[in-house]
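Please load the model in a viewer and keep the selection panel at hand.

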Amino acid sequence: MIKDMFENKRTVSFEVFPPKKDGEFEAAFDVLDAMGRLKPDFISVTYGAGGSRSGKTIEIASYIQNQLGIDAVAHMTCVGNKKEQLLQVSEELRKNNVNHVLALRGDRPRDMSDEQYESRDFIHADDMIRFLKEKTSLHMAGACYPEKHPESFSMEADLNNLKKKQEAGAEFLISQLFFDNDFYYGFLEKTQKKGITVPICAGIMPITSAKQIGTTITLAGSAIPKALADLFAIYGENPDDMRKAGIDYAIRQIRDLQENGVNDIHIYTMNKPKMAAEIMEAIHR
């Protein structure tokens, strides 16, 4: 079980995503094979909004678990799913020997009416965690936001919701990406005061192109420290140099975290095994 890993060693884990088109699957398995050779402690697999790609998530997670021999964590969202649908997905995961789930509320599907949204079976991720803990044998993980969930009224409210995930049965947490380690250290101090004791994996995303600023970072609501902003100013027009600078920034982030007692790192790989390999080599020297 993944929760046992945290007690015995430092961990480094990856996030990957299923291909958007069926014709891209062959290349996706090549990517997974390359990721597997880096020997992460576990690999999480993202999930389409409203369950739109749940079958692909299961297929990718099954390959990681059964072919690569690495623990897979399948993302599962509840905003667009009824209880029966979640149980069906859970049963498919069980059949494929995938025992871990990252429970997320997820984004509202574009075609979901206001009436459907207001009458959904699960309001928050902790509702789903509690339900699946009662109805299945899955091991549950939850997400957390070092800089507060964008929809939360305050950090205090966000921490209260995070405590509910632990109380519902989350065995560990994976953080949203962040770029300023001081935010993360402050967040850890707040979780300790709140009585949140489960392991927390620090989410790190290397920024290797300028366009990531306008997409992923904006959606995550993460602050951009001056050191990172300076990289965009200097290297943003040169893709090769920007890639190198972004990877180096992530490596320095991880080393600082590890030197300050953060033992569990989760790398948002963007399905780029070469980038992941460069990071793994640097942080394991």
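A residue is called buried here if its relative accessible area is under 20%, and exposed if that area is over 50%. The model is predicted.

**First stop: Ser90.** Select helix α4, residues 83-95, and within that helix pick out Ser90. Is Ser90 buried or exposed? With a relative accessible area of 4%, Ser90 is below the 20% limit and therefore counts as buried. Next, display the side chain of Ser90 together with the backbone of Leu86: a polar atom of that side chain lies 2.8 Å from the backbone oxygen of Leu86.

**Second stop: Ser62.** Move to helix α3, which spans residues 54-67, and select Ser62. Its relative accessibility is 13%, so Ser62 is buried. When residues up to four places away in sequence are set aside, Ser62 touches Gln67, Asn96 and Val98.

Show the aromatic side chains; the model contains six aromatic pairs. One of them joins Phe29 and Tyr63 in a tilted arrangement, at 4.7 Å centre to centre and 45 degrees between the planes. This pair links distant parts of the chain, since Phe29 belongs to helix α2 (residues 25-37) and Tyr63 to helix α3, 34 residues apart. Phe29 is buried, at a relative accessible area of 19%. Now select Tyr184 and Phe187, another tilted pair, with 6.2 Å centre to centre and 40 degrees between the planes. Both residues sit in helix α8, three residues apart, or about one turn of the helix, and both are buried. Finally, select Phe6, Phe42 and Phe172, which ring pairs link into a cluster.

**Last stop: the second largest pocket.** Which residues lie closest to the centre of the second largest pocket? Select Leu188, Gln192, Val198, Pro199 and Ile200: of the 14 lining residues, these are the closest to the centre. The pocket holds about 230 Å³ of space. Colouring by helix brings out helix α8, residues 181-194, which supplies four residues, the largest share of the lining. Colouring by residue class instead divides the lining into seven nonpolar residues, six polar and one charged.

Conventions: Residues numbered from 1 in each chain as written. Predicted model: local features only at pLDDT ≥ 70, side-chain atom pairs only at ≥ 80, totals over all residues. Heavy atoms only, no water. Helix = DSSP H or I, 4+ residues; strand = E, 2+ residues; numbered from the N terminus. Buried < 20%, exposed > 50% of the residue type's maximum accessible area, 1.4 Å probe, protein only. Contact = heavy atoms within 4.5 Å. 1 Å grid on protein atoms, 1.4 Å probe; cavity = no way out; pocket = protein on both sides within 12 Å on 5 of 7 lines; lining within 4 Å. Points joined across faces, edges and corners; volume = space filled by probe spheres on them. Nonpolar A, V, L, I, M, F, W, Y, C, P; charged D, E, K, R; others polar. Polar contact = N/O pair within 3.5 Å; in protein donor to acceptor, adjacent residues only side chain to side chain. Phe/Tyr/Trp six-rings, centres within 6.5 Å; stacked < 30°, edge-to-face > 60°.
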